Amino acid sequence: MSFFKDVGNFFSKEIPKFVTETVPSVFEKETYAPDLVEGRKEVERLKKAVEASRDRFFEEQAQLAKAQSRFENLTEQFANAGLSVDTSRFTVSPSLIKELSESQRTVRDIMQAYRTVTNVMSLGLTELIYIHADIKEERETLKRQIKILKGTRSRFDQGTDQLIRVRKAIEAETVRAVEALKAAGIEDSVSAVSELTAAEAQVAARQQMAARLLGIGTEISAITDLIGFSETELAAIHPILPEEETSPEAIDRLMTEEEKAILQEANG
Amino acid sequence: MGIDFDVFAGLKTDDLKAELAVMREDLMGRQTSYAEEMFELETAVNDLKKMEEKTTFVVTQLEQIAVLTTPPPKSGAEEASDALDRYFTDPVFLASTGLGAVGGVVVLSKPVIKLIGMVPKLGKATKLANSSKFLKVMKLGKGTLLLGAAIAIVELAVGMISSQEINKQLRKDKAELNRLTREADKEIGELSKATTQAKGLVTSLLKDAGLGDLAHGQAMESYVRMMNEAIGALSAQKAKVRMVRKMVMHGAMTAADIASITGVDETVVESVSQRVAVERALVSGKTVVEAARDSLLDDAQIIEIDKTVRARNEAIAGEPAESVAMLLDVPVSVVLSEGEENLPVLEPFWGHIEKAENLDAISEKVLISADALARLSAELQSKAALAAGDDPAAVGQAHGHSIEHVGEWAVEIADARTRIAILKRDAKLRKLEKTAVQLRMPLSIAA
């Protein structure tokens, strides 16, 4: 104890706390000011309420971060994948971006304010208020604490409401993005871009092969059987009529130089 | 690390306040670094998840292409057994050697192949990222709260008038302060360990991909683009080699024609032809030894082909992919793709299969065993009986299935009927057989 020299005999000035609350005594100030008991209870209740509000706020912050990264993951990967999906519907509205940055400021402000008010919260400091010898002094302290705690709680609650609002907006954007994907026939999954890349590459390869088959005069029905495209799909890819499919123009359009050479060789 | 209170002993008020101010700065600094660390961890975990998804997808493509061509040949007894042991278990081997046997198929760059080798490492990372400890740390940011509380205590003391008061307050809160800092330090330690681990893994992966010199964001973008390109290239190859297989099975075209139409090397066509011949022998009931004798391949290669043939048979017969994969020691992705790719092949024969007609002839044509087709036939007949209103218990007994299993079919039938009704309403039901095959239902339901 040697390092707390300054503390000295300070404790002797305190009013000894040896009587329980349930038995009013002439030695206790509570006997003369029963409102103090109520006030202390109110402070304790509010502290718990603030803690609950604070935890909700933190929880919501995590939820918002999750919603945000989900949206970003969903949109960003499609926007950069060079696919045939229309990504214009994935852009976030400027108002939402504004709301997001405002919510970030709110989080910062609340954290700042929270640090300055935690001195009235249950952090091992609760006894502090009981050492007021003076009834009037304690009454004022309690009043002040109640005011601060109420203010803190409502700040947390308002902050939480704001975060929820922003999260709901982001989630709505996410739903819109997912619907845009669905409209394009894409399932919303972590591997959606990979699946789509694979599918588009396969279709392109099949189109290439179909074009080659068309180019060498293969019957449409044989191509649809082999490639698996329907006749309409085939016509949509390469609107070539059977009678012109072996025309020099068609061959020129559809085949590579190497293939043309092979064809020429095959035709003698 | 607790707070050293000895420094406060005997200090004058102003000195004490200065000390406390330093302590406050220290705590706040820790809080900030904690928040930054959290952000970095989240980013790293997100990156790892992205990387793992891409790489796993590439490996899936590789596995699916591998089963279309002939497995690597023997070049020494030990080597061959080693090679085939690694056929599915070692993706790098698959990419560099397994497919290398058929020139022109592999289109992967060296960095990509290197990255494929990271799959087990990535899997471990994802597991780590999803562990409850990580999620807890990342969710609540407990360390921030602990430090916030410690800072509040210090601030309270700073605001006091005399050194006497400050010391008294700190003495009261000493234990609490020490507990808070200790716990926060522990949290920070865990977090920082996790972050270092995750970030290190991301960095080493990017370095392996040859992207180590780029800024992180750019490197990640390049990584994803590189993998997307690999996925695209492999998928195109898969489509081509599948077409080669179709044409080879059809049997009316020369290898040169097939190669020129599909745009692959003739060696690929030869490799596929060799495999198709072996599959034909196996499906017709020949043993591995017999098939090996008739082909130029060794037993180990035939066994590897046999695995896929069996996987295909089981998939078509309706067995769950996971258990088939485990039983035959082939990747689930292979069982799934074999089922998905080969069911549509049965479209022209669906009515016959349901009636169990000409199963041997169909088997020869589609390279699926007659037994598997018979099991599919039984399933279709059971479903038809159920749909016609037969007692589930009786249907189950007739075909050796539990009532529960039959109950699942009943649900599928109801679902299939709804889908068909929707198709009919929208005038989209064009080819009865196609819909029936897609739904795995007897023709009577689709009608």
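**Note on chain B**

1. Buried residues account for 51% of the 447 residues in chain B. The model is predicted.

2. Next, the fold. Chain B holds 22 helices and zero strands. Take the contacts in chain B with a separation of 6 or more: 69% of them join residues 24 or more positions apart.

3. One helix pair deserves a look. Helix H11 of chain B covers residues 266-283, and helix H13 of chain B covers residues 299-316. Their axes come within 10 Å. The crossing angle is roughly 65 degrees, and the crossing of H11(B) and H13(B) is right-handed.

4. Which residues make this contact? H11(B) supplies Arg275(B), Val278(B), Glu279(B), Leu282(B) and Val283(B). H13(B) supplies Ile302(B), Ile305(B), Asp306(B), Thr308(B), Val309(B) and Arg312(B). By class, the residues of the contact between H11(B) and H13(B) are six nonpolar, four charged and one polar.

5. Now Leu439(B). This residue lies in helix H21 of chain B, residues 432-439. Setting aside neighbours within four places in sequence, Leu439(B) touches Ala416(B), Arg419(B) and Ile420(B). As for Arg417(B), 22 residues separate it from Leu439(B) in sequence. Their C-alpha atoms are 9.7 Å apart in space.

Methods. Residues numbered from 1 in each chain as written. Chains lettered and ligands numbered in written order. Predicted model: local features only at pLDDT ≥ 70, side-chain atom pairs only at ≥ 80, totals over all residues. Heavy atoms only, no water. Helix = DSSP H or I, 4+ residues; strand = E, 2+ residues; numbered from the N terminus. Buried < 20%, exposed > 50% of the residue type's maximum accessible area, 1.4 Å probe, protein only. Contact = heavy atoms within 4.5 Å. Axes fitted to C-alpha atoms, helices over the stretch in contact; angles between N-to-C directions. Left-handed = near helix turned anticlockwise from the far one by under 90°. Nonpolar A, V, L, I, M, F, W, Y, C, P; charged D, E, K, R; others polar.
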